[in-house]
Amino acid sequence: MAGHRRVRGSGVVALCLLLVALVSCGGRPTTQSARAEVQAVLDRRAAAVLGHDARAYAATGTAIPYARLRAVPLAAWSYRVTAVRRDGDTASADAELSYRVEGYDKAPVTTGRTLRLALDTGGRWSVTSEQPAREAGEQLWDQGQVIAVRGAHSLVLGAGQGEERLREFAELADGAVPAVSAAWGTGWAGHVVVLVPKSLRDMAGLLGSPASSYRGIAAVTTGETGGGTGAPADRIVVNPEAYAMLGQTGRQVVITHETTHVATRAHTNAATPLWLSEGYADWVGYRETGRTPLQAASELRSALARGELPAGLPTDEDFGFSGDSGRLARAYEGGWLACRMIAERWGEVRLDAFYRAVGAHQERPGAVEGALKSVLGTSTADFTADWRAYLTDQLG
């Protein structure tokens with residue numbers, strides 16, 4: 001019996017020796033070893049980025065030249081490998097990239113990445129390509145070398161844009177921040193990050209959506225609804241093609257509008273209808289311009305001239321980027337005029353309180369109705385009737 005056990009034991013040893021390239025005796029596949037090695041090379045890559053060590057960065061692979069990243073003021077940069085698929089001397093890896101922009105991000109921005117690697121002549125893994133993971137948006141450095149311009153209240157990052165052009169956006173943002181604080185108050189970060197890609201297509205790439213979704217949209221703001229002080233900073237993402245069609249006043253209104261979204265983010269959530277969040281942002285954007293409804297609400301003015309007075313406040317669906325530019329414009333104009341009416345009739349302080357009261361509900365049912373009653377002392381039916389009368393008075 002003892003001899004039989006020794007024979008079985010030696011057989012197990014032999015089997016382990018034969019399969020060592022594929023499976024360890026404990027049952028761990030060698031892909032675990034490859035995963036650890038890939039993590040190690042990405043750790044070195046991240047350390048090189050933060051250490052501004054171009055040579056050490058290049059030693060980890062050729063994907064995304066360091067020059068593209070050099071201007072980005074980074075406080076943190078790291079990868080977490082989640083899967084590795086090895087095929088001989090090559091491998092593909094899924095990883096989560098986390099980074100923070102110094103002075104702006106209170107928490108890391110995280111995004112999925114897909115990497116290709118190859119073994120070099122020394123038997124070490126080297127990164128040959130790095131791309132956004134499926135369904136993840138691009139990063140600005142995926143599109144080219146990043147140029148950074150700092151303003152008094154802003155950081156503007158651009159790719160495919162000259163420094164002089166980016167400085168124009170910094171000046172607009174620096175004008176927007178105090179304008180927003182004058183309307184909303186100073187209880188927010190008080191600065192913004194603006195991303196300026198080369199084209200509409202690149203803008204859509206940053207947002208991970210088709211370009212058709214943003215044609216005619218000058219800018220959008222990304223961020224976590226209800227995000228507090230521990231969230232990554234919102235990004236204002238510019239569509240340079242639509243932006244080029246605007247005059248100076250229009251450009252300032254757009255950046256002030258988007259900056260308002262940054263300021264109000266902590267009080268904006270599922271309870272907040274788009275007519276309020278977009279209308280309030282437009283109200284702040286137009287607040288210091290002197291623009292009248294007849295000048296700034298041309299689509300609604302035309303609708304009223306045709307006898308098409310809206311039956312109710314714009315719905316969230318009215319704000320969809322569906323290609324119906326007239327419907328979208330009327331939605332924005334209707335939301336703006338609702339907020340303008342509140343500011344004129346109840347005062348700007350009540351308008352701000354109304355916005356915050358709606359967001360305090362967290363969920364949509366009852367949020368607007370409750371805030372109308374508690375802050376403005378009115379009902380949904382009466383408010384809607386007043387708004388329709390206001391449209392007729394201002395645009396008729």
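**Close-up 1. Arg-235 lies in strand 9 (residues 235-238).** This view, like the others, comes from a predicted model. Arg-235 has a relative accessible area of 8%. Buried means under 20%, so Arg-235 is buried. Its side chain makes a polar contact with the side chain of Asp-105, at 2.5 Å. Asp-105 is also one of the residues that Arg-235 touches, when residues up to four places away in sequence are not counted. Among the others are Tyr-99, Val-101 and Val-109. Val-193, Leu-195 and Val-220 touch Arg-235 as well, and so do Thr-221 and Thr-222.

**Close-up 2. Ser-154 sits in strand 6 (residues 154-159).** Is Ser-154 buried or exposed? Its relative accessibility is 0%, so Ser-154 counts as buried. Look beyond its neighbours within four places in sequence to find its contacts. They are Tyr-104, Val-149, Ala-170, Ala-173, Asp-174 and Val-192.

**Close-up 3. Helix 12 (residues 325-345) packs with helix 15 (residues 380-395).** Two packed helices are described by the angle between their axes and the distance between the axes. Here the angle is about 100 degrees, and the axes are 10 Å apart. Angles of 65 to 115 degrees count as roughly perpendicular, so helix 12 is roughly perpendicular to helix 15.

**Close-up 4. Residues of helix 12 meet residues of helix 15.** Helix 12 brings Gly-334, Leu-337, Ala-338, Arg-340, Met-341, Ile-342, Glu-344 and Arg-345. Helix 15 brings Phe-383, Asp-386, Trp-387, Tyr-390, Leu-391, Gln-394 and Leu-395. What kinds of residues form the contact of helix 12 with helix 15? Nine are nonpolar, two are polar and four are charged.

Conventions. Residues numbered from 1 in each chain as written. Predicted model: local features only at pLDDT ≥ 70, side-chain atom pairs only at ≥ 80, totals over all residues. Heavy atoms only, no water. Axes fitted to C-alpha atoms, helices over the stretch in contact; angles between N-to-C directions. Helix = DSSP H or I, 4+ residues; strand = E, 2+ residues; numbered from the N terminus. Parallel < 35°, antiparallel > 145°, perpendicular 65-115°, else oblique. Contact = heavy atoms within 4.5 Å. Nonpolar A, V, L, I, M, F, W, Y, C, P; charged D, E, K, R; others polar. Buried < 20%, exposed > 50% of the residue type's maximum accessible area, 1.4 Å probe, protein only. Polar contact = N/O pair within 3.5 Å; in protein donor to acceptor, adjacent residues only side chain to side chain.
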